[in-house]
Amino acid sequence: MTAAPPRLVVAGAGGDSGKTLVSLGLASAWRQAGFAVSAFKKGPDYIDAAWLSRAAERPARNLDTWLMGEPGVLHSFAVHSADTDVAVVEGNRGLLDGLDGTSTAALATTLGAPVLLVLDVTKVTRTAAAFVAGCRALAPEVHIAGVVANRRAGSRHESEVRRAIEGETGVPVLGAIPKLSDSHLLPDRHLGLVPPEEHDRMVDVVRRLGGVMAEHVDLDALLETARSAGPLESVPEPDGVDATGAGLRVAVFRDSAFTFYYPENLEALEAAGAEVVPVSALDDPLLPEVDLLYIGGGFPETHAAALAGNRSLIDSVEGAVRDGLPVYAECGGLIWLSRSVTWRGRTAEMAGVLGVDIEVMERPQGHGYAEMAVDEANPFFAPGTILRGHEFHYSRLTGAPVDTRTVMEVRRGKGSRDGRDGLVANNVFASWNHLHATATPEWAPALMAAARARRGRSGESQERATCGGRSR
């Protein structure tokens, strides 16, 4: 058995029930009260985890049993909650939703954590009790320790909901949140919430949500509920890390256009010995001297004009690609590498490294877990490698690809087109599939190997140039 901090899983009746609001509010309220808070997001979502990071004032981590398996989930939770007073785990969708064994209920069972169920009680009273009773009947192994009634209409409505839930199920109602004003709300758009990096009142919203919890939720009772969680089952030790990246430099696009990075991915590169060099695709004029470029996901379409306007960086990257620089890109990175992106009737030129154009649609073009089988040579992954990740994009390829081939068969998900993904040109690899370094342990070594090979080729070129100069 392994000691673990007090912990609480915040689950909902479904999407938009208020679990993100409650999770952020709890993390913020406990942080303002002086507690060290660790925060986690069930599933692969980047944006909710980014908001949780701001509320907890430390990087939030994703816990995903489909990607990481139970051992990976347990290890990540144990490591990243070890030095905290309380852990808040935000679920996704409804309590019982998800692939077999991947629901929020299953995660709560794996973590041995009590569940706080958030219910939107708009225009219901006794039906709320039926939902609680139904969840208990379908998942008797889950300890539903309390309920928060969200969007209650008034004191009378709250009393009726509380009486029904507690009287019919015995589960205590530990808070009732009124319908909130716009100043408390988290604005959203395609792909979910607006990332905190793009929210001009981010600090104020997080602080306000902490105040909402302090006013409308019994924080002391919830802390005692979290403390009822016992030790974890035996937590496996991770494999050792090879310092294959010692001396290498990896550029990473980090700005408000590119924010979708799992902390573990950047940490895996650093653990391998590489130096991670942040680059702004919006403002930096040149790509520094590096051995590899990593472009994650984000919202390049909302920054398209500014990205297109930074022509000096685009030219710098194009030149490095022609010179053999390895580039690994996911989703938003694929868009930046394309010839152009069209969104809401406006087209902007992108880097033109990949011979494809991108159109951003009004509906998702790929959403959910993805599994790819590498079947052709590429700069990073050996044929036969299976890559599990997730995709969530409103974008699609348009026109016929020019000098761009695909190297992966899509076994689950949508990919780029015709059951294929993984666009390759020179030493560039781009995919809609987001990978998590813990779930894909070969990811960081693959990037380091490509960067190391690049360093070797550059050294040989310099040596030949030097020798040639001396011979003249």
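The largest nonpolar core of this predicted model has 75 residues; such a core is a set of buried Ala, Val, Leu, Ile, Met, Phe, Trp, Tyr and Cys residues joined through side-chain atoms within 4.5 Å. Buried means under 20% relative accessible area, with a 1.4 Å probe and protein chains only. Among the residues with the most contacts inside this core are Phe 253, Phe 381 and Trp 443. Helix 13 (residues 443-471) gives the largest share, seven residues. A second, separate core of 42 residues includes Cys 135 and Val 161.

Since the model is predicted, local features need pLDDT of at least 70 and side-chain atom pairs pLDDT 80 or more, while totals for chains, interfaces and linings use all residues. Residues are numbered from 1 along each chain, and side-chain values use heavy atoms, without hydrogens and water.

Now to the sheet. Seven strands form an open sheet in the order 3-2-4-1-5-6-7, with parallel pairing. Strands are DSSP runs of E with at least two residues, and helices are runs of H or I with at least four, numbered from the N terminus. Two strands pair if DSSP finds at least two bridges between them. Strand 3 and strand 7 each have a single partner strand, so one side of each lacks a neighbour in the sheet.

| Helix | Angle |
|---|---|
| Helix 1 | about 170° to strand 4 |
| Helix 2 | about 170° to strand 2 |

Twelve of the 14 residues of helix 1 are buried, so this helix is largely enclosed by the rest of the structure.

How values were computed
Buried < 20%, exposed > 50% of the residue type's maximum accessible area, 1.4 Å probe, protein only. Contact = heavy atoms within 4.5 Å. Axes fitted to C-alpha atoms, helices over the stretch in contact; angles between N-to-C directions.
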